Amino acid sequence: METEMRPTGRRLTPKGRETRRRIVAAAAQLMYERGVSDVTLEDVRDVAGVSGSQIYHYFADKQALLLAVIEFQAEALLKMQQPLFGQLDTMAGLRRWRDALVEYQRRMQCRGGCPIGSLGGEVAETNPEARLAVAAGLLRWEAAIREGLEAMRARGELDADPEDLALAILAALQGGLLLAQIQRRVKPLEVALDTVLDHIESRTRCS
């Protein structure tokens with residue numbers, strides 16, 4: 001969860017938490033639309049409707065704000081999928097999750113890609129701290145997927161390693177999202193997810 005502490009280490013008031021959340025949300029939207037390098041703290045200030053001193057009240061620099069944005073995006077992605085995560089212990093549930101992801105990309109017209117994956121692509125070679133933060137967010141996503149597969153394995157329905165399969169699903173998802181963004185069509189995402197889910201179904205006892 002997002003921290004509720006100022007750079008000084010003092011806990012925020014409810015008003016302070018809301019101001020901080022507004023700053024992070026504005027920065028997240030700008031970085032999603034323009035990329036990290038093209039967003040300045042002045043841009044964030046204007047969109048969030050705060051002063052420069054307020055930004056520095058909560059964040060020591062752009063790096064601190066970027067790390068908060070990564071955490072914010074990871075939390076938002078997980079929250080959006082939370083109702084479906086509990087159903088990933090069946091093939092039907094896995095396919096419903098797949099359908100929801102594809103439909104969301106269709107509504108978005110395949111623009112923007114994965115909010116956290118896109119950040120990872122930008123920072124991976126230049127910002128080790130941010131890269132690790134993105135990796136941590138993706139690991140949380142992978143763990144949520146793996147939990148359902150582990151339940152299938154525990155019931156004796158899945159004859160495969162849940163850890164490897166969860167990693168394969170996430171890799172297919174990220175690759176599918178990138179190609180869908182570039183090609184502006186959902187087919188790459190559909191094919192990537194269907195291929196890995198078909199493989200999982202072939203390793204289930206009831207297949």
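This is a predicted model: local features need pLDDT of at least 70, side-chain atom pairs count only at pLDDT 80 or more; totals for chains, interfaces and linings use all residues.
**Exercise 1.** Work out how helices H1 and H4 are oriented to each other, and which residues make the contact.

*Solution.* 
- Step 1. Locate the helices. H1 covers residues 14-34, and H4 covers residues 62-85.
- Step 2. Take the angle. The two helices pack at about 85 degrees, and their axes lie 9 Å apart.
- Step 3. Apply the cut-off. Angles of 65 to 115 degrees count as roughly perpendicular. H1 and H4 are therefore roughly perpendicular.
- Step 4. List the contact. H1 brings Arg20, Ile23, Val24, Ala25, Ala27, Ala28, Met31 and Tyr32. H4 brings Lys62, Leu65, Leu66, Ala68, Val69, Phe72 and Gln73.
- Step 5. Sort these residues. They divide into 12 nonpolar, one polar and two charged.

**Exercise 2.** Classify the packing of H8 and H9, and describe the residues that meet there.

*Solution.* 
- Step 1. Take the angle. H8 and H9 pack at about 165 degrees, with axes 7 Å apart.
- Step 2. Apply the cut-off. Angles over 145 degrees count as roughly antiparallel. So H8 is roughly antiparallel to H9.
- Step 3. Look at the residues. Those of H8 include Leu165, Ile169, Leu173 and Gln183. Among their partners in H9 are Pro188, Leu193, Val196 and His199.

**Exercise 3.** Check the length of H5, then find its buried residues and what covers them.

*Solution.* 
- Step 1. H5 has 17 residues, and at 1.5 Å a residue they should span 24 Å.
- Step 2. Compare. The end C-alpha atoms of H5 are 24 Å apart, which agrees.
- Step 3. Pick out the buried residues. They are Met91, Gly93, Leu94, Trp97, Arg98, Leu101, Val102 and Gln105.
- Step 4. Recall helix geometry. An α-helix has 3.6 residues a turn, so residues three or four places apart point the same way.
- Step 5. Find the cover. It includes H4, H7 (128-154), H8 (162-183) and H9 (187-202).

**Exercise 4.** Decide whether Gln109 and Cys110 are buried or exposed.

*Solution.* 
- Step 1. Gln109 lies in the loop between H5 (91-107) and H6 (115-123). Cys110 sits in the loop between H5 and H6.
- Step 2. Read the backbone. Gln109 is not a glycine, yet its phi is positive, about 55 degrees. Cys110 is not a glycine either, and has a positive phi of about 60 degrees.
- Step 3. Gln109 has 54% relative accessibility, so it counts as exposed. Cys110 has a relative accessible area of 2%, so Cys110 is buried.

Key
Residues are numbered from 1 along each chain as its sequence is written. Side-chain values use heavy atoms; hydrogens and water are left out. Axes are lines fitted to C-alpha atoms, for helices over the stretch in contact, and angles run from 0 to 180 degrees between N-to-C directions. Helices (H or I, at least four residues) and strands (E, at least two) are DSSP runs, numbered from the N terminus. Angles under 35 degrees count as roughly parallel, over 145 as roughly antiparallel, 65 to 115 as roughly perpendicular and the rest as oblique. Contact means heavy atoms within 4.5 Å. Ala, Val, Leu, Ile, Met, Phe, Trp, Tyr, Cys and Pro count as nonpolar, Asp, Glu, Lys and Arg as charged, and the others, Gly among them, as polar. Buried means under 20% relative accessible area, exposed over 50%, partly exposed in between (1.4 Å probe, protein chains only). The expected span of a helix is 1.5 Å times one less than its number of residues.
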